[in-house]
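Load the model in your viewer and keep the selection panel open.

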Amino acid sequence: MPAAAPQLLPLAIWWWPPILLLLWPQSPLSFGHSLWSAPSYSPQISASLHDSHLNHLLLDSSSGHIYVGAVNALYHLSPDLQLLSWGKTGPKLDSPDCLPPIDPLECTQAKETDNTNKLLLLEEQEEEGGIRSLIVCGTVLQGICEKRSLRNVSDVLYQTPNPVDTQYVAANDPRVSTVGVIVGQKGARLMLVGRGYTSKGPGGIPPITMRRLAPHHSAPAFSHEELGKLVVGSYSEYNNQFVKALHHNKHVYFLFSRRDVWGKREYRTYVSRLCAGDPSFYSYVEVPLACEGGYNLAQAAALGTHLGDPALFVAMAAGQASTPTPTSRSALCVYSMNELDQALQRAQFLCYTAEGRESGNQDEAYIEYEVSSKCLKLPPSSVTEYPCGGEHTPSPIASAVPLNAKPAVTQATQVTAVAVATEAGHTIALLGDKSGQLHKVFLRADGTGAEYDLVEVDGQSPVNADLLLDSTGRNIYILTERKVTRLPVAQCELHLDCNSCLSVRDPYCGWCSLEGRCTRKLECARHSQPHHWLWSYGHDRQCVYIQNLDPSIQSREEQTQVSFTVLQLPTLSEDEALSCAFGTLPAQPAVVMENRITCQSPPPKLLPPTPRGSDHMTVRLALMFGEVTISDTNITFYDCHAVGRLNATSPCMACVSSVWPCHWCAGDELCTHNHTCPQQHMIFNSREQREPHGADSCPCVWALESSPLIPVGFNTQMSLQGKNLDIFKDEKDYECVVVIEGQELMLPATLDRSIETGSRVFKCAAHKFTYTVKQLEYLAPIYLQRGAQRIDSAPHLRLKLYNCSIGQSDCSQCRAVSEDYGCVWCGGDTPGCVFNQSCPSAAVDTCPPPLITEVHPLTGPLEGGVLLTILGSNLGQRYQDIQAGVTVAGVACRPLPEAYRISTQYDSFFVYYHHIQ
């Protein structure tokens with residue numbers, strides 16, 4: 001046998017993508033960070049073992065080690081699926097028609113045969129210091145068993161060299177099921193085995209047998225000699241397809257399906273029970289299980305707890321017609337063990353005392369398996385006097401009345417495995433299916449279930465029925481045909497804030513408020529106190545939440561009391577306190593009155609500067625317990641000074657129109673949150689009811705009294721209309737400021753008051769304006785300045801400077817300019833487009849004839865249909881001028897209106913010429 005040498009063996013280990021989640025950064029707005037160090041996160045990992053076909057999985061709860069039974073091999077793995085040892089179990093020279101030991105001369109049909117693992121059990125020892133071992137049974141050599149070392153599975157501790165027929169344990173056919181369970185009886189270890197019927201090999205092996213694990217007198221180990229067995233009249237008729245063997249309290253239970261021989265001969269599922277210490281099987285009794293909806297074939301089962309009581313969780317499939325073949329339609333049905341025991345005891349009572357009949361002469365219990373026993377009329381005390389039967393009691397007993405259950409959950413994919421966990425009083429079923437997926441199901445108190453997560457484990461293989469939780473309940477081991485996978489049952493620790501934790505809706509998880517982490521319930525120190533552990537799967541799940549923040553906005557120039565209400569505030573002891581933290585500033589003590597919290601906002605000098613280009617900033621306000629953020633919200637600090645700075649053209653109007661409660665001090669040119677000004681005159685925010693308020697009360701220049709069109713090169717005077725300027729009592733000089741190409745042009749201004757309207761008109765000194773950019777128009781901002789103080793101006797207040805000579809290279813282009821500009825084509829020695837008052841001679845009323853400078857293409861077919869481009873000067877001032885005036889070789893052509901252009905360099909248009917004769 002090969003020694004344990006994992007470093008020399010090829011073993012594929014895959015670390016699955018969830019480990020990448022550890023690299024995600026925490027959101028700046030998420031809370032829940034603490035100094036607590038989370039337990040190491042166990043990602044999903046898988047191991048492929050020499051590419052073997054895997055059959056069974058066993059977990060040693062004392063060491064956490066994993067044992068895998070495979071075709072021709074055994075594997076021993078660490079909890080994190082590292083290979084520790086392995087051993088070969090096949091192939092071996094064998095034939096199912098021959099009895100071991102195999103002599104090739106006598107068994108000519110023998111050949112090298114794969115050994116499929118059928119049983120993999122852990123043998124404990126009653127006495128301290130006894131050697132624990134691994135029970136391994138396969139399909140070869142008529143299903144004989146051996147014992148192997150738990151430390152090194154290549155070491156065989158016991159193997160019978162010359163097996164006898166009473167040592168044939170497992171089915172010799174890989175397709176036929178075998179189940180087993182080990183119990184203790186009077187200091188000895190016994191193995192109860194259920195196996196299906198096989199057509200080849202020795203006949204007469206009972207479907208259920210009891211076997212010693214150590215030699216006893218003349219009987220060798222694994223023999224059922226002088227021990228109980230289920231005797232049947234017809235082995236082929238009672239072909240039990242075993243699913244599970246369980247040891248619960250003082251009984252052993254077998255779950256199987258077979259044809260209902262006594263009734264309608266339909267396939268159905270049964271549970272049978274034996275007293276664990278009954279060496280003669282006098283106590284055997286069975287009852288059919290019914291799962292509403294036609295789910296009649298058990299596929300997998302697990303013993304667990306629901307609502308605090310033991311229960312049997314059975315994955316059932318709907319059979320295909322009247323065959324033992326399961327369809328993909330599956331359900332999980334849950335049977336209370338108390339109700340199951342009551343049904344079994346009732347059948348036992350009726351068969352002991354009432355010949356199997358209840359009132360009405362209806363058979364409710366009978367003798368199964370075609371044996372000579374029959375139900376009797378013993379005294380009613382017989383059941384209590386002989387709970388495990390005796391030589392004089394009837395056996396084997398069967399109930400004609402099924403134990404019914406409604407499906408907790410149904411699936412469209414065949415369920416092949418079941419594991420059950422109890423977490424903080426709640427029941428969670430983990431279901432493997434034929435498609436290699438794991439379904440996580442929460443079972444409610446009313447017996448219904450809801451799937452809350454689905455994980456793909458192995459898309460190439462069904463999940464094996466051996467679905468095992470580790471001793472901590474943190475991980476589940478999943479076996480498929482080619483690999484073993486360890487999967488965390490929950491990943492609470494990956495959720496770094498309360499909202500993430502509660503939104504995942506995982507019944508394992510909840511938010512531990514004062515520790516600032518997502519945990520399982522028992523991991524939260526104060527989970528039993530109100531609002532300390534918030535369950536992720538609860539209907540009323542809600543994080544600790546801040547509301548009614550007062551004030552929610554405040555000026556950055558003042559320090560105030562900030563108060564808020566906290567929903568679901570965890571209770572604190574008398575010596576514990578909370579604090580408030582604004583942004584990155586140190587936390588300050590908080591005053592707690594029931595669920596109302598009061599804090600002091602930071603001094604203005606400690607606040608960070610207002611971001612450039614903004615008039616406010618949002619700061620995170622966190623409610624802290626030590627270093628842990630219990631909850632947080634945002635508080636806004638507005639900056640009235642920044643409101644004025646960001647609106648240079650109209651600071652007063654911007655200030656009093658702001659969403660923030662800012663007011664304008666006209667004499668101080670100051671936007672402030674205060675309600676008083678150093679120089680008295682204040683204009684209040686538009687949301688205030690006090691007068692004066694709003695933008696209409698701001699002193700400003702709101703319009704040009706003269707035309708905004710100003711030609712360059714001519715002395716031009718402008719007039720500005722102002723209002724609300726009477727608030728300025730002192731006399732200061734006014735200036736008009738025109739901004740041209742980044743340069744401020746200062747023009748003295750005189751004030752003309754209107755006694756009738758109260759308005760003011762400012763006349764700016766005449767000036768010859770000019771600009772350098774090569775364009776017809778230039779928009780120049782204009783505003784009024786009082787001493788060094790800029791007066792608000794309307795945002796649209798602009799002068800429209802223009803130069804007729806730029807861009808108008810011929811007469812038609814010049815005359816196409818709007819008449820409002822006064823541009824004319826001036827003839828003479830240097831003709832050109834000028835302002836009408838600068839033309840020394842009379843303006844030209846009629847433009848010169850058109851001049852064509854370019855036509856392309858210059859060639860084309862006589863049939864026409866070619867697009868021509870015509871370039872030149874004086875080609876009209878608008879499309880209508882040339883609409884009917886274009887011919888090609890004497891043939892009229894209609895220009896395309898959308899292609900007519902008057903540009904700064906040349907005029908152009910496009911025509912299609914037609915057939916030329």
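A disulfide here is a pair of cysteine sulfur atoms within 2.5 Å. This is a predicted model, in which local features need pLDDT of at least 70, side-chain atom pairs count only at pLDDT 80 or more, and totals for chains, interfaces and linings use all residues. Residues are numbered from 1 along each chain as its sequence is written, and side-chain values use heavy atoms, with hydrogens and water left out.

**Stop 1: disulfides**

Select the cysteines. A search of the whole structure gives 19 disulfides.

Show the side chains of Cys655 and Cys671. Their S to S distance is 2.1 Å. The torsion about the S-S bond is about 85°, so this disulfide is right-handed. Cys655 sits in helix H5 and Cys671 in strand S49 (residues 670-672), 16 residues apart, and the pair links distant parts of the chain. Helices (H or I, at least four residues) and strands (E, at least two) are DSSP runs, numbered from the N terminus. Are these two cysteines buried or exposed? Cys655 is buried at a relative accessible area of 0%, and Cys671 is buried at 3%. Buried means under 20% relative accessible area, exposed over 50%, and partly exposed in between, with a 1.4 Å probe and protein chains only.

Next, select Cys640 and Cys662. Their sulfur atoms are 2.1 Å apart. The S-S torsion of about -85° makes this disulfide left-handed. Cys640 belongs to helix H4 (residues 640-645), while Cys662 lies in the loop between helix H5 (651-656) and strand S48 (663-665). The two are 22 residues apart. Cys640 is buried at 4%, and Cys662 is buried at 0%.

Now go to Cys498 and Cys543. Here the sulfur atoms are 2.0 Å apart. The torsion about the S-S bond is about -105°, so this disulfide is left-handed. Cys498 lies in helix H3 (residues 498-503) and Cys543 in the loop between strand S38 (533-535) and strand S39 (545-550), so the pair ties together parts that are 45 residues apart in sequence. Cys498 is buried at 1% relative accessibility, and Cys543 is buried at 5%.

**Stop 2: strand S57**

Select residues 777-786, which make up strand S57. Seven of its 10 residues are buried. Colour its partners next; two strands pair if DSSP finds at least two bridges between them.

- Strand S54 (residues 734-740) pairs with S57 in the antiparallel sense over five bridges. Val738 has Ile782 in S57 as its bridge partner.
- Strand S60 (residues 798-802) also runs antiparallel to S57, joined by five bridges. Tyr778 has Leu801 in S60 as its bridge partner.
- Strand S58 (residues 789-790) is antiparallel to S57, with two bridges. Arg786 stands opposite Gln789 in S58.

Zoom in on the turn. S57 and S58 form a hairpin with two residues between them. Gly787 in that turn has a positive phi of about 60°.

**Stop 3: Val252**

Select Val252, in strand S17 (residues 251-259). Val252 is buried, with a relative accessible area of 0%. Which residues does Val252 contact, leaving aside its neighbours within four places in sequence? They are Val181, Val183, Leu192, Leu246, His247, Ser272, Arg273, Leu274 and Ala276. Contact means heavy atoms within 4.5 Å.

**Stop 4: cavities**

The structure holds three cavities of 30 Å³ or more. On a 1 Å grid over the protein atoms alone, a cavity is a set of points where a 1.4 Å probe fits but cannot get out; lining residues have an atom within 4 Å of a point. Grid points are joined across faces, edges and corners, and a volume is the space filled by probe spheres set on the points.

Select Lys92, Asn115, Gly138, Ile144 and Glu146. Of the 17 residues lining the largest cavity, these lie nearest its centre. The space in this cavity is about 160 Å³. S10 gives the largest share of the lining, three residues.

Finish at the second largest cavity, with a volume of about 70 Å³. Its lining includes Pro651, Cys652, Trp664, Phe728 and Gln789. H5 and S58 each supply at least two lining residues.

Conventions. 1 Å grid on protein atoms, 1.4 Å probe; cavity = no way out; pocket = protein on both sides within 12 Å on 5 of 7 lines; lining within 4 Å.
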